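The following paragraphs walk through the surroundings of two ligands and one annotated site. Please keep the sequence and the model in view while reading.

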Amino acid sequence: MKTFFVVLGASIAFFLTVAMFGTAGWERPPLATTQNGFRGTGMDQIHTREAVAEARAANAAPAPAEPAEEGGDLAGQTYENVKVLSGLTTNEFNRLMVSMTEWVAPEQGCTYCHNTENMADDSLYQKRVARRMLQMTQHINSDWKANHVGGTGVTCYTCHRGQPVPANIWFTDPGPARPGGFIARNNGQNLAKPSVGLASLPYDTLTEYLADKSIDNSAIRVNATTALPTSKGKPIQDAEKTFGLMIHMAEGLGVNCTFCHNTRAVADWSQSTPQRTTAWHGIRMVRDINGNFMEPLTSTFPRNRLGTLGDVPKVNCTTCHNGQSKPLNGVPVVDAYPALTKVTVADGAKAPEAAPAQVPAVPGTPAAPSAPQP
Ligand code: HEC
Ligand code: HEC
Ligand code: HEC
Ligand code: HEC
């Protein structure tokens with residue numbers, strides 16, 4: 001009998017080992033575990049060391065360009081048609097043009113945005129988009145510094161990574177074209193879509209929650225706050241949409257739900273990590289980017305850059321984070337580019353259309369969560 005169990009055990013171990021090496025999706029040791037919740041709550045991030053090393057290597061920030069020589073005329077005086085960067089010196093201006101080329105269009109070069117016959121010409125849509133992108137980057141690094149991007153900040157590279165079109169963008173998803181009829185309606189769900197981790201959850205949650213800043217601040221909810229319904233209440237689909245968004249956020253940051261939540265009381269802010277507060281502001285920041293910067297560019301982009309419904313390409317958590325909790329390994333990328341952290345229009349010159357002045361004051365800001373008591 002004993003021999004039987006030894007042989008059985010050994011063969012099971014053998015087949016499991018073969019399966020582990022031969023099939024995908026197995027986490028092979030050694031593991032790297034980081035604890036970010038209160039001890040004993042199981043709020044850990046568990047990754048293989050190999051995956052952590054791979055992610056670090058894939059998200060290395062490029063070295064900043066050599067600092068520009070000091071002094072000299074302002075770009076607004078030297079050049080003809082400078083509307084956003086007129087307050088920089090000509091040297092700083094040229095340094096930024098070289099870095100922008102490296103970040104956004106290294107293969108195409110200056111001609112991706114410029115008509116080289118006349119650099120002042122605005123005929124290429126890429127240049128007009130880039131001008132707005134400069135304002136957007138300045139806005140993110142100044143107005144969202146305290147609540148989200150911190151000292152790390154963003155450059156064009158955070159999203160673009162050496163490509164004119166960032167790898168992680170999204171459009172409103174109208175779902176498959178189906179013939180009409182009784183069983184045709186799928187309510188925007190029940191298709192295994194990558195946007196919700198291949199679950200059958202509603203797949204267009206990003207439009208619902210991240211597309212613009214007019215979205216109701218308490219839309220992302222599952223729990224009722226009263227024992228009995230006081231109004232019509234929320235359909236179950238709202239809960240499903242909330243989970244769809246949460247899957248996007250977790251995947252975009254390369255973390256699991258316990259990075260932000262204590263899963264025994266998901267809604268409770270006092271048991272959540274500080275990262276959940278950062279994420280709360282991140283949701284508002286993405287709405288601000290999409291609503292105030294991307295949306296107004298709809299008519300600037302050529303039709304082939306727009307989605308099936310004619311909507312503009314949009315940003316989500318993955319656009320910057322790319323599977324890491326801090327983009328580009330948390331390296332402070334803007335330090336070497338102060339021009340990207342503030343308004344750089346020379347005194348007296350007029351910016352195209354001013355960037356929205358301030359981050360909208362949002363009611364219902366969660367109180368800073370504190371560590372739960374044991
Ligand atoms: C990603 C788009 C992009 C790339 C690539 C780019 N530029 Fe620019 N360039 C701009 C934008 C936008 C402006 C206008 C800035 C403003 O209005 O403040 C501009 C303005 C200029 C001007 C001022 C022209 C004038 O007289 O008004 C010069 C000079 C210039 N760029 C040189 C370069 C050089 C040289 C390169 C390649 C090393 C380059 N740019 C690459 C977007 C780009
Ligand atoms: C928060 C993310 C983000 C940042 C930061 C960012 N961009 Fe973009 N950019 C986008 C998205 C999204 C698009 C739309 C993609 C498309 O064109 O299909 C875009 C499009 C562009 C395009 C048009 C490309 C094309 O061929 O359609 C240019 C040019 C551009 N960005 C330049 C810049 C420059 C220059 C900077 C830095 C000053 C910058 N971007 C910073 C997200 C970003
Ligand atoms: C990066 C941080 C972060 C991660 C990771 C995260 N969440 Fe959330 N979650 C939030 C924030 C922030 C809110 C509140 C959003 C709001 O109010 O606008 C929230 C809200 C929720 C709610 C609604 C609570 C209520 O008040 O009714 C549920 C349920 C939820 N999350 C579940 C999950 C699940 C399940 C996962 C893992 C798949 C997850 N979350 C991953 C940050 C996160
Ligand atoms: C414009 C780029 C950008 C976008 C878009 C963005 N983030 Fe971030 N996020 C950052 C940067 C940069 C940091 C690093 C901040 C720091 O160093 O303090 C960060 C940090 C965070 C952190 C804190 C991580 C930690 O380890 O403390 C969380 C949580 C987070 N982001 C969640 C989100 C969520 C959720 C979304 C989408 C709703 C989102 N972010 C969209 C740029 C972005």
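Which element provides the largest share of the shell around ligand 4? Helix 10 does, with 6 residues. The model is predicted: local features need pLDDT of at least 70, side-chain atom pairs count only at pLDDT 80 or more, and totals for chains, interfaces and linings use all residues. Residues are numbered from 1 along each chain as its sequence is written, while chains are lettered from A and ligands numbered from 1 in the order in which they are written.

Around ligand 4 there are 26 residues, and those that come nearest are Gly150, Thr152, Gly282, Cys317 and Cys320; a residue counts here if its C-beta atom, placed from the backbone, lies within 6 Å of the molecule. Two or more residues of this shell come from each of helix 6 (145–149), helix 9 (236–253), helix 10 (274–294) and helix 11 (317–321). Helices are DSSP runs of H or I with at least four residues, numbered from the N terminus.

Met246 counts as buried because it has 21 C-beta neighbours inside 10 Å, the cut-off for buried being 20 or more other C-beta atoms within 10 Å, with C-beta atoms placed from the backbone. Cys260 lies in the loop between helix 9 and helix 10 and is buried, with 26 other C-beta atoms within 10 Å.

Key:
Buried ≥ 20, exposed ≤ 12 C-beta atoms within 10 Å, placed from the backbone.
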